[in-house]
Amino acid sequence: MFDPSAPAEPSEQPGRRLLSERQAEVMERLVTAAAQEAEERPYAEISVRSIAKRAGVAPATAYTYFSGKDHLLAEVLWRRVQASPHLIDLSLSLPERVADTARTMGFASMGPAAVAACTTALLGDGPDVKHVRARLGAEIGRRLAAALGEGADPAVLRVLVVTYTGALISAGMGHLPFDAVPPLLAEATALMTSAAR
């Protein structure tokens, strides 16, 4: 699903062109409304119409900036990651550094309902969703690579990315509380790095 070796992309907005201040404000209202809808409704009950109504714009206006519900909800996840801290505490052990990175990656600031709705949207097959998914995956890979440090085994990174994204999907499905994800990554890191010695 996520390719940690994907080239870095600039932190772009999802709009299809350069935005005026007013357009950027409308886009921000739509993303905020999508996040609120995700907190309050199951995925199946969310629509572009409900998001647009909450944002105070016409549905046609929402489609000017986003291709659909999945694109909007995927953007919520992307923005959470972008807004989260990028700092790594080098005084922590390697497993705890990885756990701390997972803990501060932005998803923990969302309730279980929002994680469920947004991860469901992230699995959509529209080109705009795929683009957000690729950016999100590359960022997750970069952050986990930074937590592992220079010279880390690329196989360990690949397994951690898959473990993290799988745990995120499990949390979205309600099979795992999100606060269990960081300790799971610490455990996976400890197992892989001790086995490599």
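**Ground rules.** I worked with a predicted model, where local features need pLDDT of at least 70, side-chain atom pairs count only at pLDDT 80 or more, and totals for chains, interfaces and linings use all residues. Residues are numbered from 1 along each chain as its sequence is written, and side-chain values use heavy atoms, with hydrogens and water left out.

**Helix 2.** I started with residues 48–55, which form helix 2 (helices are DSSP runs of H or I, at least four residues, numbered from the N terminus). I found Val48, Ser50, Ile51, Ala52 and Ala55 buried there (under 20% relative accessible area, 1.4 Å probe, protein chains only). Their cover includes helix 1 (21–40), helix 3 (59–65) and helix 4 (69–83); contact here means heavy atoms within 4.5 Å. Just after helix 2, I noted Gly56 with a positive phi of about 80 degrees.

**Helix 4.** Next I checked how enclosed this one is: 11 of its 15 residues are buried, so helix 4 is largely enclosed by the rest of the structure. Among the buried ones are Lys69, His71, Trp78 and Arg79. Helix 6 (112–122) and helix 7 (127–148) are included in what covers them.

**Lys69 again.** I saw its charged end over the ring of Tyr43, 3.7 Å from the ring centre (the rule asks for NZ of Lys or CZ of Arg within 6 Å of the centre and within 35 degrees of the ring normal).

**Thr193.** Last stop was helix 9 (residues 181–196), where Thr193 is found. Thr193 counts as buried because its relative accessibility is 17%. A polar atom of its side chain lies 2.7 Å from the backbone oxygen of Thr189.

Key. Buried means under 20% relative accessible area, exposed over 50%, partly exposed in between (1.4 Å probe, protein chains only). Helices (H or I, at least four residues) and strands (E, at least two) are DSSP runs, numbered from the N terminus. A polar contact is a pair of N or O atoms within 3.5 Å; within protein, one must be able to donate a hydrogen and the other to accept it, and residues adjacent in sequence count only if both atoms are side-chain atoms.
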